[in-house]
Amino acid sequence: MAKDRNPSLIPRKRKFEVAPYLLMLPAITLFGVFTFYPFFKTIFLSLSYTNKYGEFVQWAGFDNYVRVFKSTLFPKIMGNTFRFALMVGAGTLFFAMVFALVSASRERGSRVYEVMFAIPMAVASVPASVIFEFMMKKDGGLLNSVLGTSIAWLQDPKWALFAVALVTVWLHIGSSFIFLLVGFRNVPQELVECATLDGAGPVKKALRIFIPIASPQIFFVVFLNINSSFKAFGQIKLLTAGGPNNATKTIIYEMYENAIKNSRYETACVDALILFAILLIANRIQNALEGRLVFYK
Amino acid sequence: MNSMRLKKRLSTLVPYIIKVLVGVLFTSPILICFLYSFKPNGELLVSTLSTFLPKAPTLENFWYVVAKVRMQKYLTNTFIQCFSIIVCQLVFCSMAAYAIVFYRFKGKKFLWILILMSVMIPGDVIVISNYIQIQRWHLTNTHIGMALPYLVGGMGIFLMRQFYLTIPKELAEAAEIDGCSRLGFMWRFAVPLSIPSMASLAIYEFIAIYNRYFWPLLVVDKDRMRTIQLGMAYLEGGENGKVAYILAGASFCVIPAVIVFIFGQKFLVKGMTAGAVKG
């Protein structure tokens with residue numbers, strides 16, 4: 001009997017509590033109004049004709065989708081979107097990996113360069129675009145004078161997407177660096193010392209020890225950058241505005257132009273859902289590959 | 001002996017200096033922007049590598065940005081946004097996370113799934129639809145309209161939940177026996193204990209709000225409501241377009257975020273990595 005008085009063992013009859021519902025009310029309401037409702041509305045509007053305020057006018061079925069998929073520009077936009085993702089993903093991974101590998105072991109004063117490698121994280125796309133636009137000028141631009149070239153980085157359709165990707169890589173390296181650094185610093189110090197005693201050089205240590213052990217972080221960073229490259233907007237708007245000759249028009253920029261410049265909200269909604277589908281597929285691929293490529297301890 | 005020591009010293013010093021130099025090269029866009037902000041416009045037009053440092057440093061560009069463009073007005077708007085969104089995020093995310101961790105109630109699983117699903121819908125997908133809504137409510141060019149869609153976030157709820165999970169349930173139960181209700185426990189123990197997690201969330205949100213561009217671009221078209229990023233873009237595109245002024249504006253725009261980043265990095269890293277990567 002005495003034991004039964006232990007409160008945690010008595011399945012007390014719970015009286016109905018309002019508190020948890022009240023606690024969740026603001027969050028759920030806000031998600032409902034500003035996440036779920038607009039999502040379903042996007043689907044709804046993508047199937048309708050809208051006026052210039054984005055209000056429903058008439059049912060359209062799949063007309064909008066057919067129009068978007070059949071437009072002559074569509075393959076180009078998708079091509080840009082994926083090439084951009086590839087460039088940003090590969091470029092960011094490479095540089096962030098190099099930076100994180102050289103910073104892997106703590107030393108006195110290492111915070112100096114750690115902060116420097118991470119700092120673009122704090123820089124927004126707008127000032128970064130402004131600075132790079134200045135540096136990428138064709139005549140007398142810093143980039144051209146360093147490389148000894150005279151490329152019109154942002155005006156030449158051959159280079160524009162690469163130039164915008166370069167700026168995006170610079171913006172993304174900081175956060176990737178931090179994630180990778182966490183991974184590399186998880187590597188047990190004894191392991192590194194053993195390898196050093198066995199005569200492994202820095203490259204061998206990186207390939208055989210650091211990269212395999214940090215594989216969860218590397219994997220995460222790859223998809224983080226691919227995902228955020230699909231959402232890159234500010235730098236495209238400010239550096240090239242989708243041009244020259246649509247060379248830097250990605251799906252999110254197309255969505256913006258359709259909605260704001262052309263007031264074609266139904267088309268913008270189709271673009272938004274294409275973006276959603278791309279992100280969803282990327283997420284599925286990530287989940288599917290995770291089990292095979294990543295080794296958790 | 002001495003030369004051995006010197007050699008050893010050098011073997012750590014040289015790589016260190018190389019790393020710092022790579023860091024300087026990497027951050028050079030920011031550094032160049034700062035340096036060039038002090039140059040008179042004429043000096044900028046002929047700039048090459050050889051003329052790195054300003055020959056005749058001037059504060060004129062900053063004066064222009066503050067006195068003529070009134071960038072501080074845009075900065076104030078951004079700070080109002082940061083403050084209101086961060087306060088709401090802290091309160092609403094803590095509340096929701098606390099309910100999920102410390103209460104058992106009907107429909108909890110369903111509500112949790114709703115939160116998980118909300119994370120699956122990226123903000124950029126619904127930005128147009130939200131804009132239509134804010135427009136219909138006549139909330140464009142208001143602080144409320146700018147803040148509304150961001151007052152709560154899945155990431156904040158996850159972060160707070162992760163912290164609350166580390167508080168032993170027995171502690172709450174013991175407090176209950178001593179006459180402290182579940183809500184009292186939240187207020188008296190859970191919230192004060194969670195201050196480091198809240199700091200992580202606050203700094204993460206600060207950088208996100210400060211650097212936000214797409215959403216304000218949609219809902220703001222009046223000068224008095226521009227955020228710092230909109231003001232910066234306006235400065236770049238407008239008739240004010242002298243390169244020196246633009247770079248001074250960019251410095252003005254970057255400095256607050258960089259300061260917060262450097263001092264808050266520890267918290268920011270914790271916030272970023274919490275729950276992001278398994279293993």
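The structure described here is a predicted model. Asn245(A) sits in the loop between helix 11 (234–239) and helix 12 (251–261) of chain A, and its phi is positive, at about 55 degrees, although the residue is not a glycine.

Asn246(A) is placed in the loop between helix 11 and helix 12 of chain A as well, and here too phi is positive in a residue other than glycine, with a value near 65 degrees. Asn246(A), however, is partly exposed, because 16 other C-beta atoms lie within 10 Å.

## The interface between chains A and B

Between the two chains, 71 residues of chain A are in contact with 73 residues of chain B. On the side of chain A that touches chain B, the largest share, 17 residues, comes from helix 1 (residues 19–46) of chain A, and by class the residues of that side divide into 55 nonpolar, 11 polar and 5 charged.

## A helix pair across the chains

Helix 5 (residues 125–135) of chain A packs with helix 15 (residues 243–273) of chain B at an angle of about 145 degrees, their axes being 9 Å apart, and the crossing of these two helices is left-handed. Helix 5 of chain A contributes Pro127(A), Val130(A), Ile131(A) and Phe134(A) to the contact, while helix 15 of chain B contributes Val243(B), Ile246(B), Leu247(B), Ala250(B), Cys253(B) and Val254(B). The contact consists of 10 nonpolar residues, with no polar and no charged ones.

## Domains and the nonpolar core

Chain A is assigned domain 1 (17–65) and domain 2 (74–248), and the C-alpha centres of these domains lie 36 Å apart. The largest nonpolar core has 160 residues, and those with the most contacts inside it are Ala27(A), Phe177(A), Leu180(A), Leu275(A), Ala96(B) and Ile128(B); this core draws at least three residues from each of domain 1 and domain 2 of chain A. When neighbours within four places in sequence are left aside, Ala96(B) is in contact with Leu23(A), Met24(A), Ala27(A) and Ile157(B).

## A loop residue of chain B

Thr142(B) is found in the loop between helix 7 (127–136) and helix 8 (143–147) of chain B, and it counts as partly exposed because it has 16 C-beta neighbours inside 10 Å. Although Thr142(B) and Lys222(B) are 80 residues apart in sequence, they are 9.6 Å apart in space, C-alpha to C-alpha.

Terms used. Residues numbered from 1 in each chain as written. Chains lettered and ligands numbered in written order. Predicted model: local features only at pLDDT ≥ 70, side-chain atom pairs only at ≥ 80, totals over all residues. Contact = placed C-beta atoms within 7 Å. Helix = DSSP H or I, 4+ residues; strand = E, 2+ residues; numbered from the N terminus. Nonpolar A, V, L, I, M, F, W, Y, C, P; charged D, E, K, R; others polar. Domains from an automatic or database assignment. Axes fitted to C-alpha atoms, helices over the stretch in contact; angles between N-to-C directions. Left-handed = near helix turned anticlockwise from the far one by under 90°. Core = buried A, V, L, I, M, F, W, Y, C linked by C-beta atoms within 7 Å. Buried ≥ 20, exposed ≤ 12 C-beta atoms within 10 Å, placed from the backbone.
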